Amino acid sequence: MAKKSCVDPTCARYEMSQLEFRRLRGELWDMGFISKFGKLASKLYRGIYKKHPDIKRRPLPGQKRWPVHRYPCGILEQAYRQLREQGVPLVKPKSALEVELALKQRERWMVLEHEWIRAWRADEG
Ligand SMILES: [Zn+2]
């Protein structure tokens, strides 16, 4: 799938789920963002298409999960832009996920630092 930016909210070149959209961006979102994003996408959809995006359909026999809703790409792009413009964080500061990400980042730094020190010592002979 070509990476393109859908400025027009009515763009429907692709349809994808929230999850697919997030994966394309390569980002992590917390539950707060996911929930706001879903609500806004659904609202934008109703505004443009004059119908509810949710098909209240039970999982087919043998399927465990409810069908995932798919939105036109323009709707997803628009919802994302609006939330970011409102300053909604992808991951809430001080949340468990944020702390976990910060720790991972710190670990990565410590590994790098260790490597620098080793390289520096090796240089010194
Ligand atoms: Zn599009």
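I take helices as DSSP runs of H or I with at least four residues, and strands as runs of E with at least two, numbered from the N terminus. The model I am reading is predicted.

**Entry 1: the chain**

I listed the elements first. From the N terminus on, they run β-α-α-β-α-α. That comes to four helices and two strands in the protein chain. Next I looked up burial. Of the 125 residues, 14% are buried. Then I turned to the contacts between residues at least 6 apart in sequence. Of these, 76% join residues at least 24 apart.

**Entry 2: the core**

Which residues have the most contacts inside the largest nonpolar core? I found Ala41, Ile75, Leu76 and Ala79, in a core of 13 residues.

I set aside its neighbours within four places in sequence. Ala41 is then in contact with Tyr71, Ile75, Leu76 and Ala79. Three of the names on that list, Ile75, Leu76 and Ala79, I had already noted for their contacts inside the core.

**Entry 3: Thr10**

I went to the segment before β1 (15-16), where Thr10 lies. Is Thr10 buried or exposed? I counted 12 other C-beta atoms within 10 Å of Thr10. A residue with 12 or fewer is exposed, so Thr10 falls in that class.

I then checked what Thr10 touches. Not counting residues up to four places away in sequence, its contacts are Ile48 and Gly74. I also took a distance to Pro72. Thr10 and Pro72 are 62 residues apart in sequence, yet their C-alpha atoms are 7.7 Å apart in space.

I looked at backbone angles next. Most residues other than glycine have a negative phi. I noted two lysines with a positive value.

Lys50 came up with phi near 55°. I placed Lys50 in the loop between α2 and β2 (71-72). Lys50 is exposed, because it has 7 other C-beta atoms within 10 Å.

Lys94 was my other entry, with phi near 70°. Where does Lys94 sit? I found Lys94 in the loop between α3 and α4 (96-124). Lys94 has 8 other C-beta atoms within 10 Å, so I logged Lys94 as exposed.

How values were computed:
Residues numbered from 1 in each chain as written. Predicted model: local features only at pLDDT ≥ 70, side-chain atom pairs only at ≥ 80, totals over all residues. Buried ≥ 20, exposed ≤ 12 C-beta atoms within 10 Å, placed from the backbone. Contact = placed C-beta atoms within 7 Å. Core = buried A, V, L, I, M, F, W, Y, C linked by C-beta atoms within 7 Å.
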